[in-house]
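Here is a short report on one protein chain. Look over the sequence and the fold, then read on.

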Amino acid sequence: MARTKRASIHYVNNAEFSQAVVDYVKILQESKKNEQQLPIVPDYIASCFLRIAEGLSHKSNFIRYTYREEMVMDAVENCLKAIENYNLEAATRTGKPNAFAYFTQITWYAFLRRIAKEKKQQDIKLKYLSKSGIESFIENEHGDDMSNQVVGAFVDTLRDRIEKVRSVDSIMKEYISEEKKKRKRGIKTDSDLSEFLT
């Protein structure tokens, strides 16, 4: 007996989705041209945005982030904002519209922006902890030498982690800066940042 492959809950049919986007964008452009009220994005397209974002968020690059839901919602919001910029004449290999690729790319960059925001917030928290003297936040009820050693070891471990985060962030910033310089000079680069996103 042959096994049938179960369809993913995040599956989006590119042909149907692309056609729905094209139809909506045509109506949108016509409404703008005639200065009419802009139509609301259909539920089908909005649900496809959600499925695209959810599916991408389950990839190994993004699955372990604790703020994955925020990433998904950011992506859906960005897709809803970007739909009016969808180019109906964009050339593809097949000659057919490829809305799935367009909105997947928007989703990818929305995820990267959210990760950058969260890392910035984490850095602020870590700086606050390191500057404020974390020892004052730790209550040592016993006050004996053993307890003081445990507290000291914990504080040292936390400071080491803060330094590691800072060094990884500075390496990432340096790498991004170099990539931007290469792009400005017209050098083709590999844009895979997956090693920095885990």
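## Contacts and fold

A contact here means heavy atoms within 4.5 Å. The model is predicted. Among contacts in the protein chain between residues at least 6 apart in sequence, 66% join residues at least 24 apart.

The protein chain has six helices and zero strands. Read from the N terminus, its elements run α-α-α-α-α-α.

## Surface and burial

The protein chain has 198 residues, and 29% of them count as buried. Its accessible surface comes to about 14600 Å². Carbon and sulfur atoms account for 53% of that surface.

## Helix H2

Helix H2 covers residues 43-57, which makes 15 residues.

Several H2 residues are buried: Ile45, Cys48, Phe49, Ile52, Ala53, Gly55, Leu56 and Ser57. An α-helix has 3.6 residues a turn, so residues three or four places apart point the same way.

## Cysteines

Cys48, one of the buried residues of H2, has 0% relative accessibility. Cys79 has 1%. Both values count as buried, because the cut-off is under 20% relative accessible area.

How many disulfides does the model contain? A pair of cysteine sulfur atoms must lie within 2.5 Å to count as one. By this rule the count is zero.

Conventions: Residues are numbered from 1 along each chain as its sequence is written. This is a predicted model: local features need pLDDT of at least 70, side-chain atom pairs count only at pLDDT 80 or more; totals for chains, interfaces and linings use all residues. Side-chain values use heavy atoms; hydrogens and water are left out. Helices (H or I, at least four residues) and strands (E, at least two) are DSSP runs, numbered from the N terminus. The expected span of a helix is 1.5 Å times one less than its number of residues. Buried means under 20% relative accessible area, exposed over 50%, partly exposed in between (1.4 Å probe, protein chains only). Accessible areas come from the Shrake-Rupley method with a 1.4 Å probe; for residues, only the protein chains shown count as cover.
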